[in-house]
Amino acid sequence: MTTANVTNGSKPYIVEDRPMISRSCGDRVKITHTIEPGKEETGCITCFYSPPEYPILAKCPCFDYPEYIVNEIKASQYIYIRENSIEYNQPTLQPSKATTPLTTIFCCGHSPSSLSVRDSITTIYFDDVLMDSVRNDTRMFHPLHTFCCGGRGEEVRLESRFCGDVCYRGRSLDGFGSGCCCLVCVPVGCPECLCPCAARKTIYVEDAETAVKIITMARDDARVRLQVMER
């Protein structure tokens, strides 16, 4: 290991070319707050967990995924407000690895009857354009919608708008301005599934109003403390 890669844990780590990457201690990133993630609800029709051996039953309206994987998903969720960024995990499901030669051959290495957690961790620094606006984007009549159709919790939207707030800034999917989505403007009403390159992110939380206040306060404090101007 070269000396350029060694940090002194007792001294601040300063990055002059991008101050927001700096941190107060050289060997750690300070977590200033934690936010309770949203709890996924399946709606009033769902009454049973699927048997562990038959997770496919979750495709039926009255069955949820097996209890073991539901608990693993809940245990994997977190939202950390760090001294210079926000980090969160909104995990999804994936098939487990096959455990027998037969399933390895016929299921392409996957288990046909077992699921595991697939982490989806995102880190957004407070000088990113996504931090231009932090707002409560929870749907109307949220408790009723959740009771009838299920949901993932209240919604906090991180986004960057322009042109009188009627368009999102566009961001290429690979970060280099190539691919199907280049640096174009995206109308605000365009669904996320059709316009994945819009500068917006949704975080599911238990209490959106409190989460917005915490994130906004942490962002503003970091920008002042590190003397970072809005881009």
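Which residues of helix 4 are buried? In this predicted model, local features need pLDDT of at least 70 and side-chain atom pairs count only at pLDDT 80 or more, whereas totals for chains, interfaces and linings use all residues. Residues are numbered from 1 along each chain as its sequence is written, and side-chain values use heavy atoms, with hydrogens and water left out.

Helix 4 (residues 208-225) has 18 residues and spans 25 Å from its first C-alpha to its last, close to the 26 Å expected at 1.5 Å a residue, the expected span being 1.5 Å times one less than the number of residues; helices are DSSP runs of H or I of at least four residues and strands are runs of E of at least two, numbered from the N terminus. Its buried residues (under 20% relative accessible area, 1.4 Å probe, protein chains only) are Ala208, Ala211, Val212, Ile214, Ile215, Ala218, Arg219, Ala222 and Arg223. These buried residues pack against strands that include strand 4 (78-82), strand 5 (85-89) and strand 10 (154-159).

At the start of helix 4, a side-chain oxygen of Asp207 lies within 3.3 Å of the backbone nitrogen of Glu209, and just after the helix Gln227 adopts a positive phi of about 55 degrees.

Methods
Buried means under 20% relative accessible area, exposed over 50%, partly exposed in between (1.4 Å probe, protein chains only). Contact means heavy atoms within 4.5 Å. A polar contact is a pair of N or O atoms within 3.5 Å; within protein, one must be able to donate a hydrogen and the other to accept it, and residues adjacent in sequence count only if both atoms are side-chain atoms.
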